[in-house]
Amino acid sequence: MGAALLGNLLVLACAPSAYASSHREAPFITQNPKVDATDFYMFRSYEAGRGAFTTLVADYVPLQDAYGGPNYFAMDPQALYEIHIDNNGDGKEDITFQFRFTNTIKDGQFTVGGKKVSIPLVINGGAIDTVNPAGLNVRETYSVTVVRGDRRSGTRSSVTNVTGGGATFDKPVDNIGNKAIPNYAAYAAQHVYAINIPGCATPARMFVGQRKDPFVVNLGETFDLVNIKAPATEFAANAESAAKDDLAKKNVTAIEMEVPTSCLTAGTDPVIGGWTTASLRQGRLLNPVPGTTTGASKEGGAWVQVSRLGMPLVNELVIGLKDKDRFNASKPSGDAQFADYVTNPTAPALVEVLYGSAGAKAPTNFPRNDLVATFLTGIKGVNQPVTVAASEMLRLNTSIAATAVGSQNRLGVIGGDNAGFPNGRRPGDDVVDVVLRVAMGKLCTLNIGCAPADAPAGNLHFTDGAYLDETAFTAGFPYLKNPVAGSPQQ
C-alpha cells in the first residue's frame with residue numbers, strides 16, 4: 001500500500017452530511033440547532049462505588065462557540081426532549097424520560113438618568129456562584145416526566161428532587177467567562193441533583209447543562225478534499241492522533257441521568273436498548289409584533305419528532321441523503337424501511353472506489369449480517385437481547401461489569417473490552433475508528449456474521465486521526481468536562 005492515505009476514509013465516505021457523530025446531520029435539522037441531538041451515550045457507571053447504576057447522556061445543540069453571547073445556548077422551551085429505553089427487545093420504548101424547559105426573564109434593570117431601563121444581557125454584574133443567583137437575568141428551569149409504556153399514551157409520573165420534593169430543577173447558565181463566573185466547576189456542580197424516579201426504590205442522579213463537546217474530529221481539512229497537513233495513514237507513526245480536532249473549543253448541552261440499572265431492565269434479560277429524540281409542535285404561527293408575554297411565535301398541535309439518535313454515525317454514514325429527514329422522524333419499530341442501507345451499505349463501496357488500488361477492498365458478504373448485528377440486533381453473546389426485533393438503537397448488556405478507569409480500551413469490543421462500544425457507548429470510546437473498521441469488515445475477522453475471507457481489508461487499522469480515549473473525561477458523574485469558557489481571562 002506504500003503511503004496510501006487510509007486514515008480519513010470515514011469522513012470522506014459520508015461527505016454529503018456534516019460529520020461529528022451527529023452534528024447537523026440532516027437537511028431539516030440544520031434549521032433547528034436547539035433540537036439537534038449530537039451524541040448519545042449509555043454505559044454501566046464506572047465511577048467508584050456506582051457499579052449498580054447505568055448512565056444515560058443525550059447531547060444537544062452542536063458546535064457551540066464559548067463566546068456565543070449575548071443569548072448563549074438555552075434549550076428550546078417549545079420542544080420536547082426524550083430519552084427512551086426498550087427493555088424487551090421489541091423495538092418500542094418501555095420507559096421514556098421527557099424533559100421540558102422554561103426560560104424566565106427576570107427583567108433586571110439599571111437606573112439611567114432617573115429612568116429604570118431593562119438590561120440587554122443574561123447577567124447583571126452580580127455574582128454567579130449558586131443556584132438561581134440574583135446576578136442571573138434569565139433563569140432556565142426544567143421538569144422531567146417518566147412515562148412507562150408508549151411515549152404518548154403511557155402512564156406518566158413526575159421525577160422529583162430528593163431534597164424538598166420539588167419537580168422543578170435549575171439548569172446552570174453557560175460558561176460565559178471567568179470574570180462572570182470565577183469558579184464554573186463549583187457553580188455547575190450545585191446543579192447535580194439526587195432525584196426520585198417513581199417506581200425506583202433507589203435515588204438516581206441528574207445533571208443538565210453545558211459541557212465541553214466530547215466528540216473529536218478533523219472537520220475543516222477533511223471537507224477540503226481531504227486536505228490534511230499531517231495525514232493519518234495506517235503506516236505513519238502515531239497515526240491515530242496525527243490530525244487536529246476541530247471540536248476542541250466547542251461546547252454542547254448535555255442531558256444526563258444516572259439511573260439504578262434495576263429500574264431500567266425487565267425480567268431476567270439484562271440487555272436494554274436506548275436512544276434520544278427531540279420533537280416540536282406540528283404547527284407554528286409567527287407573531288409579527290412580538291411582545292413581552294406573547295413571544296415571537298405560537299406553537300400548537302401534536303408533537304412531531306425531528307431528531308433521533310441511538311447508535312453513532314448512522315444518519316451520517318449509513319442512511320442515504322434523500323432519507324435523512326425521514327430517519328430523524330422515524331421510530332426504531334419502523335426501521336425495516338431503511339434495511340437496505342445496512343445490508344448493502346454504500347460507504348465501504350465508496351472507500352473501495354477511492355482506495356481499492358491501495359488494498360482497501362470492501363467486504364463481499366451480502367447481506368452484511370455483521371452490520372445488522374452491530375446496528376440493528378446487537379451482537380450475539382455480547383449485547384443481543386433474548387428476543388429481538390431488528391431496529392437501530394444503542395444496546396447495552398448491563399450484566400457486563402464496567403471496566404475501571406485506567407483499563408478501558410478505546411476500541412471497545414474489537415479491542416477486547418466488552419464493556420465498551422458497541423456494547424453501549426462510553427465517553428472514551430473512539431466510535432469513529434471502531435465504526436470505520438467494522439464497516440470495512442473487522443467483525444468478519446472475528447467470525448461474527450461473516451468469515452475472514454469476506455473482508456480483504458478487515459485487519460487494516462483505519463482511523464480518522466483524531467484520537468479519543470478515557471483520559472479526555474472525568475472519572476465520575478457527569479463524566480463530560482466543564483465547558484470551554486467564553487473569556488478565559490479575568
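Trainee: Which residues of helix α9 are buried?

Mentor: In this predicted model, the buried residues of α9 are Val431, Val432, Asp433, Val434, Val435, Leu436, Arg437, Val438 and Ala439. The helix is accordingly described as mostly covered, with 9 of its 9 residues buried. Glycine 441 follows α9 and has a positive phi, near 105°.

Trainee: What makes α8 roughly antiparallel to α9?

Mentor: The axes of α8 (residues 369–377) and α9 (residues 431–439) cross at roughly 150° and come within 10 Å. Angles over 145 degrees count as roughly antiparallel, and therefore α8 is given that description relative to α9. On the α8 side the contact is made by Asp370, Leu371, Thr374 and Phe375, and on the α9 side by Val435, Val438 and Ala439.

Trainee: How many residues of the contact of α8 with α9 are nonpolar, polar and charged?

Mentor: The contact divides into 5 nonpolar residues, 1 polar and 1 charged. Asp counts as charged, and Asp370 belongs to the α8 side.

Trainee: Why is the pair of phenylalanine 101 and tyrosine 142 called tilted?

Mentor: A pair of aromatic rings is described by the distance of the centres and the angle of the planes. For phenylalanine 101 and tyrosine 142, the ring centres are 5.6 Å apart and the planes stand at 40°. Centres within 6.5 Å make a pair, while planes under 30 degrees apart would be stacked and those over 60 edge-to-face. The whole structure holds 11 aromatic pairs.

Trainee: What parts does the pair of phenylalanine 101 and tyrosine 142 tie together?

Mentor: Phenylalanine 101 lies in strand β4 (residues 95–105) and tyrosine 142 in strand β7 (residues 138–148), so the pair joins parts that are 41 residues apart in sequence. Both residues also belong to one aromatic cluster, formed by Tyr60, Tyr81, Phe99, Phe101, Tyr142, Phe169 and Tyr193.

Trainee: How do you know whether phenylalanine 101 and tyrosine 142 are buried or exposed?

Mentor: Buried means under 20% relative accessible area. Phenylalanine 101 has 2% and is therefore buried; tyrosine 142 has 1%, so tyrosine 142 is buried as well.

Trainee: Is threonine 141 buried or exposed, and what does threonine 141 touch?

Mentor: Threonine 141, in strand β7, has a relative accessible area of 10%, which means that this residue is buried. Beyond residues up to four places away in sequence, threonine 141 touches Arg100, Phe101, Thr102, Thr168, Phe169 and Asp170. The C-alpha atoms of threonine 141 and phenylalanine 101 are separated by 5.7 Å, although the two residues are 40 residues apart along the chain.

Trainee: Why does serine 279 count as buried?

Mentor: Its relative accessibility is 1%, and the cut-off for buried is under 20%; serine 279 therefore counts as buried. Serine 279 is placed in strand β14 (residues 271–291). Its contacts, leaving aside residues up to four places away in sequence, are Ala79, Leu80, Glu82, Arg152, Trp303, Val304, Gln305 and Val306.

Trainee: What makes arginine 281 lie over the face of tryptophan 303?

Mentor: The distance from the ring centre is 3.7 Å, and the criterion asks for CZ of Arg within 6 Å of that centre and within 35 degrees of the ring normal. Arginine 281 is accordingly placed over the face of tryptophan 303. Arginine 50 likewise lies over the face of phenylalanine 53, at 3.9 Å from the ring centre.

Methods
Residues numbered from 1 in each chain as written. Predicted model: local features only at pLDDT ≥ 70, side-chain atom pairs only at ≥ 80, totals over all residues. Heavy atoms only, no water. Helix = DSSP H or I, 4+ residues; strand = E, 2+ residues; numbered from the N terminus. Buried < 20%, exposed > 50% of the residue type's maximum accessible area, 1.4 Å probe, protein only. Contact = heavy atoms within 4.5 Å. Axes fitted to C-alpha atoms, helices over the stretch in contact; angles between N-to-C directions. Parallel < 35°, antiparallel > 145°, perpendicular 65-115°, else oblique. Phe/Tyr/Trp six-rings, centres within 6.5 Å; stacked < 30°, edge-to-face > 60°.
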